[in-house]
Amino acid sequence: MSFLKARRLFQASLLLATALALSACGFHLRENVTLPPAMQRVHLSVNGGGELERHLARALQTSGVTIEDDSGAGIAELRVPVAAFSTETLSAGGYVRITEYAVRYQVQFDVLDPAGQVLVPHQRIDMSREYSYDATNTVGNASQVEEIQRSLNDDMVQAILFRLQAAGKHELAAPASAASTH
């Protein structure tokens with residue numbers, strides 16, 4: 001067997017083993033979320049706008065929602081009055097040098113259906129990431145905090161979508177449980 005054939009056989013075997021390992025561990029590509037039917041048209045109101053608003057709007061559009069510029073008749077409203085980052089000192093080393101921080105992200109939101117009724121009651125999500133601070137690398141520390149905030153923002157969008165999806169599933173299940181005679 002030539003070296004090239006052996007190499008191709010090894011690469012094919014490695015690819016097959018990787019595919020089997022991923023399928024065995026339960027890995028699946030992330031699918032779009034299924035939102036409540038009342039959220040087909042949504043006005044998004046995020047205090048301060050920014051990255052959260054852009055990423056949330058994109059994720060909602062990917063899920064089949066039409067984002068409206070203004071609220072009005074027939075339009076649900078996703079309100080995010082609080083979306084705030086904060087930094088907290090976790091530990092200090094010798095000579096009172098700060099060595100660890102935590103970046104915290106708090107978001108609060110609710111959803112009103114097109115009739116103005118509460119579809120998703122007030123929710124609060126808190127997330128945080130810890131990082132080590134290096135006093136000799138201030139530029140690297142700033143970029144590390146920015147990357148942590150980007151990561152938290154992406155995770156927050158997914159957490160909000162999962163809660164909206166859960167509300168949709170609960171809404172579909174509610175009439176069935178109400179009709180039950182048990």
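Me: Is Tyr 105 buried or exposed?
Reply: This is a predicted model, so the answer rests on computed values. Buried means under 20% relative accessible area. Tyr 105 has 4% relative accessibility, so the residue counts as buried.

Me: How does Phe 85 count by relative accessibility?
Reply: The partly exposed class lies between the buried limit of 20% and the exposed limit of 50%. Phe 85 has 33% relative accessibility, so Phe 85 counts as partly exposed.

Me: How many aromatic pairs does the structure hold?
Reply: A pair of aromatic rings is described by the distance of the centres and the angle of the planes. On that basis, the count for this structure is 2.

Me: What are the centre distance and plane angle of Phe 85 and Tyr 105?
Reply: These two rings form one of the 2 aromatic pairs. Phe 85 sits in strand E3 and Tyr 105 in strand E4, 20 residues apart. Planes under 30 degrees apart count as stacked. The pair is stacked, at 3.9 Å centre to centre and 5° between the planes.

Me: Which strands hold Tyr 101 and Tyr 131?
Reply: Tyr 101 and Tyr 131 form a stacked aromatic pair, 5.7 Å centre to centre with 20° between the planes. Both residues are buried. They are 30 residues apart and link distant parts of the chain: Tyr 101 is in strand E4, Tyr 131 in strand E5.

Me: Which element supplies the largest share of the largest nonpolar core?
Reply: The core has 36 residues, and Leu 52, Phe 109 and Met 156 are among those that touch the most other members. Elements giving at least two residues each include helix H2 (50–62), strand E3 (76–92) and helix H3 (138–179). The largest share is 10 residues, and it comes from H3.

Me: Which residues does Leu 60 contact, leaving aside its neighbours within four places in sequence?
Reply: Leu 60 is among the core residues that touch the most other members. Contact means heavy atoms within 4.5 Å. With the sequence neighbours set aside, the partners are Leu 35, Val 65, Ile 67, Leu 78, Leu 161 and Leu 164.

Me: Which residues lie nearest the centre of the largest pocket?
Reply: The pocket has a volume of about 160 Å³. H2, E3 and H3 each supply at least two residues of its lining. The lining divides into 4 nonpolar, 7 polar and 3 charged residues. Of the 14 lining residues, those nearest the centre are Glu 51, Leu 52, Phe 85, Tyr 105 and Asn 153.

Me: How far apart in space are Arg 150 and Leu 52, C-alpha to C-alpha?
Reply: Arg 150 is in helix H3. At 43% relative accessibility, Arg 150 counts as partly exposed. Leu 52 is 98 residues away in sequence, yet the C-alpha separation from Arg 150 is 9.3 Å.

Me: What separates the C-alpha atoms of Pro 36 and Leu 119?
Reply: Pro 36 is in the loop between helix H1 (3–24) and E1. Its relative accessibility is 0%, so Pro 36 counts as buried. Pro 36 and Leu 119 are 83 residues apart along the chain, and their C-alpha atoms are separated by 8.7 Å.

Me: What pattern does the protein follow along the sequence?
Reply: The protein has 3 helices and 5 strands. Read along the sequence, they give α-β-α-β-β-β-β-α.

Terms used: Residues are numbered from 1 along each chain as its sequence is written. This is a predicted model: local features need pLDDT of at least 70, side-chain atom pairs count only at pLDDT 80 or more; totals for chains, interfaces and linings use all residues. Side-chain values use heavy atoms; hydrogens and water are left out. A nonpolar core is a set of buried Ala, Val, Leu, Ile, Met, Phe, Trp, Tyr and Cys residues joined through side-chain atoms within 4.5 Å. Buried means under 20% relative accessible area, exposed over 50%, partly exposed in between (1.4 Å probe, protein chains only). Helices (H or I, at least four residues) and strands (E, at least two) are DSSP runs, numbered from the N terminus. Rings of Phe, Tyr and Trp (its six-membered ring) pair if their centres lie within 6.5 Å; planes under 30 degrees apart count as stacked, over 60 as edge-to-face and the rest as tilted. On a 1 Å grid over the protein atoms alone, a cavity is a set of points where a 1.4 Å probe fits but cannot get out, and a pocket is an open set with protein on both sides within 12 Å along at least five of seven lines; lining residues have an atom within 4 Å of a point. Grid points are joined across faces, edges and corners, and a volume is the space filled by probe spheres set on the points. Ala, Val, Leu, Ile, Met, Phe, Trp, Tyr, Cys and Pro count as nonpolar, Asp, Glu, Lys and Arg as charged, and the others, Gly among them, as polar.
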